[in-house]
Amino acid sequence: MGNNVIVIGAGAAGMMAAIIAAENGASVTILEKMPRVGKKLLITGKGRCNITNIADIKELIKNMHGNGSFLYSSFHNFSNNDLIDFFENLGVKTKVERGGRVFPESDKAIDVVDALLRKMDSLEIRILKDVAVKNIIKEDNKVTAVVDKKGLVYQADKIIVATGGASYPATGSSGDGYVIAEKLGHTITPIKPSLVPLETEEDWVKIAQGLSLKNVKASIIVDDKKVAEDFGEMLFTHYGVSGPIILSLSKIVAENLTENKIVELAINLKPALSFEKLHNRVQRDFEKFSKKQIKNALNELLPSKLIDIIIDLSYINLDKMINQITKEERLRLVEQIMDLRLTITKTRPVAEAIVTAGGVSIKEINPKTMESKIIEGLYFAGEIVDVDGYTGGYNLQAAFSMGYIAGKAVAMQ
């Protein structure tokens, strides 16, 4: 008879762990506190589910900027190619998009969740929904059972905690796993938002709200030094900024804000042009529209929502005629286009983060099996572990890979 395994949490890591454990002969029960499984998977990649990235393993590790090297074993035992094959075998065909991002061909996250459900069903994995776990019982430093919030006890030889982080509590990942792990003696590295939108001091963002910019460069300036930059898409919101490149840069912002440093975002709206080339371009536009007011002469160069803002920040009167603009004003305008500054006051709350940084300390987990080094028979997988990465499929790959090796270990040992 195989091991009796309980998996807490039916997200990416939990479902993968359950499937692999069952395939290797374990008898598996999943306890999920939400009324449905895979709720967070359904909203990833804007509902399209960016399951992985085709980068090589070295790149995968590099893009897991929080403790990536811990995942060396996980990625080698269950790589992105293995994951793509795994889903193809479940009938989910995939496609690769820019930046190496891998999506289901159908563009539907529900297809990924449904395929996992069918597989779990075929393996006779028990899924108990609406079950919130309160704690884990251990005897002689070995796990023996799980107790839910109603006081019901579930016996187990092995337990995998895959409860997620503290982001998107509406999907079920509200940080419960950290409490359970801490009660068992595990160290929890402080929880911070890792991929999260940013709030700004300047309120002109309200005017630009809803504007999405493509092919721009965003740099993070801390105490007048550039510490990071990214190129791609971003979005203005009523409170500040969001979008892919902002999320990628948000962890470094969060770290510097906790140290009370002055953090600025510098946006280059025309990163493909040098200062000189952009200046020439502005001069050509000015010659073309010399009889217009400046506010009506920048439509070919800038998105309409930003025109008044940039003129204002360049200290130019909106109604000034182009043929009256001085060289100094023109240079200030070019500077603004290449270095549009915002002061970051804070990150949005952890609840709004796509991924949380922090979690169960990796020093207390065996990276080859995901077993706790403190308690026998206790395993961790997914976002509860203190690892986190950039957007682009890296975090889901990490969750699936950790789930895979935890699932294998609980069945084999």
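Ile136 touches Ile8, Val143, Ala145, Val146, Ile159, Val161, Ile180, Leu184 and Leu378, leaving aside residues up to four places away in sequence. Contact here means heavy atoms within 4.5 Å. The model is predicted, so local features need pLDDT of at least 70 and side-chain atom pairs count only at pLDDT 80 or more, while totals for chains, interfaces and linings use all residues. Residues are numbered from 1 along each chain as its sequence is written, and side-chain values use heavy atoms, with hydrogens and water left out.

Ile136 and Phe87 have the most contacts inside the largest nonpolar core, which has 87 residues. Helix H13 (residues 394–412) supplies the largest share of this core, 12 residues. A second, separate core has 47 residues, including Ile246, Val263, Leu301 and Leu306. A nonpolar core is a set of buried Ala, Val, Leu, Ile, Met, Phe, Trp, Tyr and Cys residues joined through side-chain atoms within 4.5 Å. Buried means under 20% relative accessible area, exposed over 50%, and partly exposed in between (1.4 Å probe, protein chains only). In soluble globular proteins, nonpolar side chains tend to be buried together.

The strands come next. A closed barrel of 6 strands runs E12-E15-E14-E13-E16-E17, with antiparallel pairing. The twist averages 45 degrees from one strand to the next. Strands (E, at least two residues) and helices (H or I, at least four) are DSSP runs, numbered from the N terminus. Two strands pair if DSSP finds at least two bridges between them. E16 and E17 pair in the antiparallel sense over 5 bridges. Glu264 stands opposite Thr343 in E17.

Helices pack on these strands. Helix H9 (residues 244–258) touches strands E12 (198–200), E13 (212–222), E14 (225–236), E15 (240–242), E16 and E17. The direction of H9 makes about 140 degrees with that of E14. Helix H12 lies across E16 and E17, running at about 110 degrees to E16. Axes are lines fitted to C-alpha atoms, for helices over the stretch in contact, and angles run from 0 to 180 degrees between N-to-C directions.

H12 (residues 327–338) has 12 residues. From first C-alpha to last, H12 reaches 17 Å, close to the 16 Å expected at 1.5 Å a residue. The expected span is 1.5 Å times one less than the number of residues. The buried residues of H12 are Glu329, Arg330, Leu333, Val334, Gln336, Ile337 and Met338. They pack against strand E16 (263–268), helix H10 (275–288), helix H11 (304–313) and strand E17 (340–347).

Charged pairs were also counted. A salt bridge is a side-chain nitrogen of Lys or Arg within 4 Å of a carboxyl oxygen of Asp or Glu. By this rule the count comes to 22 salt bridges. Glu199 forms one with Arg348, the closest N and O atoms being 2.8 Å apart. This pair links distant parts of the chain: Glu199 is in strand E12, Arg348 in the loop between E17 and strand E18 (355–360), 149 residues apart. Glu199 counts as buried, at 14% relative accessibility. Arg348 is buried too, at 16%.

Lys295 forms a salt bridge with Asp319, with the closest N and O atoms 2.8 Å apart. Lys295 lies in the loop between H10 and H11 and Asp319 in the loop between H11 and H12, so the pair ties together parts 24 residues apart in sequence. Lys295 is partly exposed at 29% relative accessibility, and Asp319 is partly exposed at 41%. Elsewhere, Arg48, Lys95, Glu97 and Asp107 are linked in a network of salt bridges.
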